[in-house]
There are 2 protein chains.
Amino acid sequence: MTVEDKIDDKELKDINPQRDDYEDEIIQIIKSDEPAYKKKEELDDYHENDIAAVLEKLDVKERRKLYSIMGLERVSEVFAYLDDPEEFIEELDSELAADILENMEADDAVDILDELEDEKSEELIQLMDKEAKKDIDLIQSYDDDEIGSKMTTNYVTLTLNLTIKQAMKRVVEQAADNDNISTLYVLDSENKFYGAIDLTDLIVAREYVVLETLVTTSYPFVYDHETVDDCIEDLKDYSEDSIPVLDRDQHILGVITSQDLLEVVDEEMGEDYAKLAALASEEDLEEPLVESLKKRIPWLVILLMLGLGVSSVTGMFEHVIATLPIIVSFQSVILGMSGNVGTQSLAVTIRVLTDEELTLRQQLGFVLKELKVGFFNGMIIGSISFMITGLFIWLAKGQTVVNAFAMSGCIGGALWLAMIISSVVGTIIPIFFTKIKVDPAVASGPLISTVNDLVAVVTYYGLAWTLLLNIVHMA
Amino acid sequence: MTVEDKIDDKELKDINPQRDDYEDEIIQIIKSDEPAYKKKEELDDYHENDIAAVLEKLDVKERRKLYSIMGLERVSEVFAYLDDPEEFIEELDSELAADILENMEADDAVDILDELEDEKSEELIQLMDKEAKKDIDLIQSYDDDEIGSKMTTNYVTLTLNLTIKQAMKRVVEQAADNDNISTLYVLDSENKFYGAIDLTDLIVAREYVVLETLVTTSYPFVYDHETVDDCIEDLKDYSEDSIPVLDRDQHILGVITSQDLLEVVDEEMGEDYAKLAALASEEDLEEPLVESLKKRIPWLVILLMLGLGVSSVTGMFEHVIATLPIIVSFQSVILGMSGNVGTQSLAVTIRVLTDEELTLRQQLGFVLKELKVGFFNGMIIGSISFMITGLFIWLAKGQTVVNAFAMSGCIGGALWLAMIISSVVGTIIPIFFTKIKVDPAVASGPLISTVNDLVAVVTYYGLAWTLLLNIVHMA
């Protein structure tokens with residue numbers, strides 16, 4: 001380590017004097033010679049996420065010992081924080097594994113069960129108690145893109161007939177098992193969702209206040225079968241700790257907590273990101289090779305076929321190419337740039353379509369704006385190219401001034417035109433996909449680039465053929 | 001409306017019997033002839049976000065009336081939900097505007113102040129009370145990429161010497177002004193951060209329990225000057241309702257709530273998404289034309305220059321092009337496909353780098369894996385292209401079988417080689433950027449595509465020159 005490294009390290013320490021040491025502390029506690037009760041006491045002071053991070057640094061024996069020290073409740077909480085819980089579940093007796101899952105929130109348990117082999121998962125579910133099984137069955141009954149599959153069945157309910165004091169007592173009773181207590185849900189006499197009370201309001205309310213006056217009756221909610229895509233923006237906008245999920249009869253089935261929402265947003269945006277790069281879905285560090293190949297090859301084959309289509313169109317201009325080989329060298333710029341502006345327009349359009357629902361009028365306005373963007377950016381890029389390539393062909397390729405600038409005129413003009421068309425294509429395709437109810441994010445950047453390759457080839461060689469061969473009669 | 005439309009509508013209604021009607025209901029209440037107190041009562045049942053959505057559908061006069069009906073407290077809450085609060089702030093007297101901002105959470109107020117003209121913002125801050133001004137100054141003192149700029153100053157603190165009953169009383173006292181009460185922060189005798197208590201644990205605790213036993217002392221926290229990029233993944237992993245932000249002396253300055261976190265994640269991922277498409281930053285629907293041009297042109301100019309570089313390299317192969325115009329038509333496929341795999345590798349690498357810190361060993365393993373992905377995908381795509389283009393050149397272009405498959409051999413071989421190299425380039429460039437402490441997300445898809453164009457051009461024409469002109473002696 002050099003002196004500079006040491007100074008760097010010291011500076012970092014000064015800014016973050018304590019962070020990141022928790023894991024080491026936890027390992028030390030686990031490996032110490034202290035009696036079990038003492039270890040438990042000390043471990044209670046650490047966050048489950050930090051203990052979860054330590055598990056993989058222990059061996060099987062140490063892990064088993066740790067579980068018995070911490071107790072079932074805490075182990076369940078720790079397991080909810082594991083990135084890859086499968087291996088840790090699989091090394092346990094089925095009985096113990098089922099107990100751990102039973103104690104977790106149902107949606108976390110489902111996440112783990114989904115990672116296990118079907119057989120193992122079935123076995124564990126059979127070993128759970130009736131109530132846990134019911135919650136898990138409910139959550140598993142939803143498609144992955146339905147909001148019901150993301151909900152937590154852990155929430156507190158009150159009824160309208162309670163006094164403030166009784167209500168507070170009900171909260172205390174339910175708080176032991178349900179830790180989402182900051183919003184309390186009120187049911188009417190038919191057990192239907194009536195509204196919500198902020199725990200804060202209940203806590204500060206005087207005893208003689210009627211409970212109903214604290215209820216927000218038009219509280220936001222979602223239906224269990226709504227798609228995640230459809231309701232995620234609404235849920236985000238409300239920025240609540242939890243929003244109830246109802247069935248069609250207005251009975252409350254679960255809640256979407258802000259942690260659930262964070263996970264969903266993270267997931268959805270990750271998927272959009274992957275799709276923009278023509279990946280079938282997100283990959284992580286541990287992704288096996290075969291899985292990665294499978295996620296990437298479908299788009300590549302489609303893009304290859306489209307690309308070969310573009311090539312066969314380029315082939316039609318063979319006589320232009322044979323006569324004017326110089327202009328071929330600029331093909332890659334024109335195709336590249338039209339792909340780039342297309343991808344920019346695409347990305348902007350997809351984000352706008354995800355964030356808001358556009359009226360027809362707004363859609364037209366949006367296309368028009370992208371057209372203008374393409375027009376002005378194309379003008380700038382086209383002009384720069386006209387000058388640079390003209391000078392280059394004249395000076396480096398030994399053409400006459402007129403011929404050089406006739407060629408660079410083709411290049412600049414084709415760039416301009418191709419960039420305008422590409423901007424519009426990059427806007428219209430995702431809007432069209434949304435219209436026919438296809439996720440616009442599947443219109444990936446590479447797809448738009450390939451489509452725009454075709455536009456660029458026709459524009460460029462068409463212009464070259466018309467202008468250079470038929471008007472200037474170059475050869 | 002056709003019969004089918006009606007059925008469709010009915011089905012939709014059945015699934016979502018009540019959603020989306022809140023805004024209309026609110027407008028009806030506001031425009032009704034009922035007395036003000038009655039309107040206030042009815043409006044109290046609606047969520048602030050729904051009332052905020054209605055504001056833009058009213059005229060100035062109706063809005064002013066609505067504010068006076070709802071009262072300052074509620075108006076402040078509604079303003080926190082506005083997408084574009086500037087216009088509504090600007091139409092108010094400065095006194096009233098300052099009062100509204102003063103009542104908001106400091107970070108929400110800062111968000112609005114940042115949108116106003118500097119002069120107006122300064123004027124409003126001067127009109128606020130000392131405490132609000134202090135909080136706002138604190139939050140504004142951080143750079144946009146520091147976590148301190150995202151925190152909320154609304155949280156509840158307890159001291160260690162309290163009994164359970166006293167602690168609960170303190171919570172009730174503070175709950176009126178601070179609605180983030182689900183996690184309570186405990187300070188030691190020097191007012192330093194000591195740990196956290198779950199409100200649930202406090203509520204269910206028996207009266208004789210010592211407060212300290214409820215405290216998680218190794219509770220996660222962040223320092224105010226840490227960058228958002230550095231701590232966001234940690235914050236996400238803890239999935240807590242709030243995490244404290246400390247200064248270097250371990251004093252608590254504010255908290256990051258899960259709502260703050262959701263906003264930050266949304267923002268960060270939106271930025272990454274924009275960068276993958278070579279946009280300087282995210283754009284929304286209302287983005288003015290000039291702003292859009294400014295966000296897109298810088299990357300386009302850089303990409304143009306790189307593209308012209310590729311062109312001048314292509315120009316070196318002019319003799320190959322002049323001799324074998326057929327092979328030019330397949331240039332676009334090779335460049336396109338190598339760009340596509342490069343973009344895929346890039347996107348995967350950026351996500352992995354954002355999610356975790358890799359050791360050198362992991363980095364090497366990752367590059368090796370991407371190399372393998374490029375190898376196998378290249379083999380598949382290369383083989384398909386070899387066959388299809390060979391048949392095409394033989395049958396449609398009237399070449400001999402040998403010549404046709406020699407050419408398609410070049411195409412397939414160049415594709416294979418270019419795809420391997422591109423995968424590696426798409427992985428190494430973002431890793432290199434991370435090493436030199438540049439955000440890897442600036443390595444956009446189009447940048448990687450252009451770099452890979454160069455690889456592909458040299459591979460393709462190099463191979464064609466060697467194989468077709470020098471070995472097979474085609475002409």
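## Residues 106–133 of chain A

Residues 106–133 of chain A are 86% helix and 0% strand, with the end C-alpha atoms 9 Å apart. Helices (H or I, at least four residues) and strands (E, at least two) are DSSP runs, numbered from the N terminus. An unreviewed UniProt entry lists this span of chain A, residues 106–133, as "coiled-coil region". UniProt positions follow the numbering used here, feature names are shortened, and annotations may be inferred rather than shown by experiment.

The model is predicted: local features need pLDDT of at least 70, side-chain atom pairs count only at pLDDT 80 or more, and totals for chains, interfaces and linings use all residues. Residues are numbered from 1 along each chain as its sequence is written, chains are lettered from A and ligands numbered from 1 in the order in which they are written, and side-chain values use heavy atoms, with hydrogens and water left out.

## Other annotated spans

The unreviewed UniProt entry assigns "domain: CBS" to residues 151–213 and 215–271 of chain A. Residues 151–213 are 29% helix and 24% strand, and their end C-alpha atoms are 28 Å apart. For residues 215–271 the composition is 44% helix and 23% strand, with an end separation of 38 Å between C-alpha atoms.

UniProt also places "transmembrane region" (unreviewed entry) on chain A, at spans including residues 297–321 and 373–396. Residues 297–321 are 92% helix and 0% strand, with end C-alpha atoms 32 Å apart. Residues 373–396 are 100% helix and 0% strand, and the end C-alpha atoms lie 33 Å apart.

## The interface of chains A and B

Chain A and chain B each place 128 residues in the contact, where contact means heavy atoms within 4.5 Å. Together they bury about 11,300 Å², 64% of it on carbon and sulfur atoms; buried area is the accessible area (1.4 Å probe) lost by two parts on being put together, summed over both.

There are 10 salt bridges across this interface, a salt bridge being a side-chain nitrogen of Lys or Arg within 4 Å of a carboxyl oxygen of Asp or Glu. Arg296(A) and Glu370(B) form a salt bridge through their side chains (2.7 Å, N to O). Helix α16 (residues 289–315) of chain A contributes 18 residues to the side that touches chain B, the most of any element.

## Relation of the two copies
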